[in-house]
Amino acid sequence: MTTTAQRTRTTSYVNAILEAQRQLLTADPNVFLCGEDVALYGGVFGTSRGLMAEFGPQRVVDTPISESGIVGMAIGAAATGLRPVVEIMFMDFVGVCMDQIVNQLAKMRYMFGGKATLPVTIRTMAGGGRNMAAQHSQSLEAWFCHVPGLKVVMPSNPYDAKGLLVAAVRDDDPVLVIDNKMQLGMQGEVPEDLYEVPLGKARVVREGTNFTIVATSRMVQEALAAAEQLGADGLNVEVVDPRTLQPLDIETIATSVRKTHRALVAHEAVRFGGIGGEIVAQIQEEAFDYLDAPVGRVGAPFSPVPFSPALEALYVPNRDTIVTEVRRILGKQV
Amino acid sequence: MVDSITRQSPSREQFVTFYRQMQLIRRFEEAAALSYQRRKIGGFLHLYIGEEAVATGMIAALRPSDTVVASYREHGHALAKGMDPKAAMAELYGKVTGCSRGKGGSMHLFDTSIGFLGGYAIVAGQMPIAVGLGLAAVQAGRDDVTMCFFGDGAVNEGEFHEALNLAKIWNTPVIFVCENNLYGMGTALARAHAVQEIYRRAEVFNIPSERADGMDVLAMYDVARKAVEHARSGNGPYFIEAMTYRFRAHSMADPELYRTKEEVARWRQRDPIPRLRAQMIEQGLATEADLNAMDAVVDRQVEEAVRFAEESPEPPVEDLWRHVYVGYDSKDMT
Ligand SMILES: Cc1ncc(C[n+]2csc(CCOP(=O)(O)OP(=O)(O)O)c2C)c(N)n1
Ligand SMILES: [Mg+2]
């Protein structure tokens with residue numbers, strides 16, 4: 001479904017989201033945006049700037065601070081044909097509306113015998129690195145990957161941010177699109193037209209021959225930097241970005257590992273219980289005979305995100321933690 | 001509003017205490033804002049400037065064993081409850097000498113020794129917690145009360161309603177103080193509230209409630225004494241809506257397109273600090289020179305707090321894994 005659009009130019013991640021939302025609103029009268037300060041204010045991250053003026057307050061809706069109500073309302077609206085795009089400002093706030101997401105939204109299609117269709121998109125912002133402390137910095141994607149009925153997307157660049165959002169909104173199932181606040185200023189090539197990056201398809205970001213790093217969201221850039229550094233160790237690292245975590249494109253990942261024989265998964269979320277564990281398990285199921293070393297994982301320490309800038313700098317994984325872990329794995333190699 | 005019959009004139013000493021307290025909060029935050037601009041403080045910094053009379057007047061009616069919880073805009077409440085400005089400023093700086101050892105930052109001040117049970121950054125999250133604090137006092141046979149501060153935006157969350165109901169059915173000594181500054185981030189009251197007289201929301205829970213002038217510390221103190229007396233003598237919760245205004249942006253900077261400069265200017269004319277100053281001079285309770293001398297003391301205190309914060313060490317690396325659980329580190333779980 002990916003259309004190769006002709007005209008592209010360099011723009012920011014924020015702008016890619018903004019543009020996707022504008023074009024979706026233009027293309028489909030059933031699409032509407034809602035959330036706290038998305039309309040008049042234009043979104044606290046600027047992802048809907050100017051859209052209320054353009055499309056009116058019925059299609060770009062400011063809501064009270066009522067996350068549960070907002071998501072529930074979106075479910076109702078979607079059940080009869082609309083395509084709501086809900087913004088939950090910070091991922092941490094999903095705690096307030098977990099019932100609507102997990103018990104209602106994720107369950108209805110199955111529980112009602114396939115008779116309900118819920119094209120709800122929930123956009124939210126994860127990640128540390130801005131000294132926003134324990135309640136504004138979490139990466140909680142694993143919670144949602146565990147719930148049948150939800151799809152989970154984590155873009156790593158402006159191109160994917162736009163294309164995956166378009167695919168999410170056009171998808172007939174509930175999709176969580178999780179952006180990372182440290183990527184908002186990131187520049188990249190983005191087609192001007194509306195296009196989709198299909199859900200459930202990983203991307204090989206960097207080709208390599210003897211080590212695979214599977215990295216999500218912001219860790220993709222860190223993995224690429226690590227790959228450069230590891231070149232000095234004689235490694236030719238392949239970097240794979242799953243892009244969608246649910247459904248997971250294990251085939252692309254396993255194909256890479258069968259070629260390189262060694263792998264590591266890197267994400268920003270807490271390592272214990274993170275999506276990395278699932279990916280590692282699937283790698284050993286799909287490519288056990290090809291593995292020359294244990295498959296590693298990089299993630300955050302088992303603690304909330306500390307405010308202290310000094311501690312937070314140690315907390316969030318980066319290129320150095322990835323390099324160290326790769327070297328540790330290779331040291332253990334049989 | 002409180003009727004004039006219940007209004008007793010505070011003593012000169014009380015006037016002086018109020019003045020010093022409000023001035024300490026104001027100057028503390030002005031200094032914090034400066035440090036933020038110098039990039040010595042990171043993350044969020046939600047200033048209480050303009051709203052000082054609310055925390056000052058309300059908390060003045062409490063005794064040390066009473067407890068207070070507040071939102072992320074809580075520097076004023078912590079200081080009014082007796083937090084050492086040094087420990088508060090060091091927390092903003094993320095230093096280990098901060099009241100939360102630098103792990104919380106501006107939004108998460110905490111000190112049980114003075115009964116300040118925390119600043120919380122999930123809107124309305126502190127409200128049920130306040131009910132538990134009240135309940136615990138009752139069960140322990142103490143006649144302590146709890147004061148719970150929250151914004152106008154918080155009253156649209158489910159937790160607000162759950163907390164009010166719980167407080168009432170269990171007759172807990174909780175004084176709910178809604179700081180109605182007319183905006184939740186960029187959303188004006190009228191755009192998000194079915195009922196704009198927020199004190200009326202308490203009526204349906206049979207909780208006595210009233211509005212008070214949050215720009216007048218004496219008015220706040222009056223209503224606070226009444227509310228505290230009510231709760232302490234076993235009559236259950238009380239609800240106060242303080243009409244106030246934040247002079248600054250929501251956090252350090254926002255474009256403030258959601259309100260007019262004229263509106264801000266109008267409210268600035270009601271600044272509670274010059275207002276009290278004028279009253280004190282008019283009533284012969286202090287001279288300009290007395291008040292300037294008080295200001296100088298406050299300035300020294302704030303300077304000391306800044307110096308202390310700047311000279312304090314960062315938290316040690318081990319702190320990353322400490323305090324996740326009681327009695328052991330989580331280091332091995334990474
Ligand atoms: C559950 C939740 N939703 C949204 C936010 C983002 N947010 C932070 S402050 C704020 C506005 C709160 O307004 P109000 O309660 O009036 O307090 P004020 O900032 O005016 O003091 C919002 C929406 C949050 N922190 N928590
Ligand atoms: Mg407010």
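**Cores, a shared site and a buried glutamate**

Tutor: Welcome! The largest nonpolar core here has 103 residues, and those with the most contacts inside it are Met58(B), Met89(B), Met147(B), Phe150(B), Ile175(B), Phe176(B) and Phe239(B). Helix H1 (residues 12–37) of chain B gives the largest share of this core, 11 residues. This is a predicted model, where local features need pLDDT of at least 70 and side-chain atom pairs count only at pLDDT 80 or more, while totals for chains, interfaces and linings use all residues. Residues are numbered from 1 along each chain as its sequence is written, chains are lettered from A and ligands numbered from 1 in the order in which they are written, and side-chain values use heavy atoms, with hydrogens and water left out.

Student: What makes a set of residues a nonpolar core?

Tutor: The residues must be buried Ala, Val, Leu, Ile, Met, Phe, Trp, Tyr or Cys, joined through side-chain atoms within 4.5 Å. A second, separate core of 92 residues includes Ala78(A), Ile101(A), Leu105(A) and Leu150(A). In soluble globular proteins, nonpolar side chains tend to be buried together.

Student: Which residues is Phe176(B) in contact with, leaving aside its neighbours within four places in sequence?

Tutor: Contact means heavy atoms within 4.5 Å. Among the partners of Phe176(B) are Met127(B), Val131(B), Phe150(B), Leu164(B) and Phe239(B).

Student: Why does Glu87(A) count as buried?

Tutor: Buried means under 20% relative accessible area, with exposed over 50% and partly exposed in between (1.4 Å probe, protein chains only). Glu87(A) has 6% relative accessibility, so it counts as buried. You will find Glu87(A) in strand E4 (residues 83–88) of chain A; strands are DSSP runs of at least two residues, helices of at least four, numbered from the N terminus.

Student: What joins the side chains of Glu87(A) and Arg123(A)?

Tutor: A polar contact of 2.8 Å. The term means a pair of N or O atoms within 3.5 Å; within protein, one must be able to donate a hydrogen and the other to accept it, and residues adjacent in sequence count only if both atoms are side-chain atoms. The side chains of Glu87(A) and Thr47(A) are also joined by a polar contact, of 3.2 Å.

Student: Why is the site of ligand 1 called shared?

Tutor: Residues from chains A and B surround ligand 1, so the site is shared between chains. The closest of its 22 surrounding residues include Glu67(A) and Tyr72(B). A polar side-chain atom of Arg73(B) lies 2.8 Å from an oxygen atom of ligand 1.

How values were computed: A residue is near a molecule or strand if one of its heavy atoms lies within 4 Å of it.
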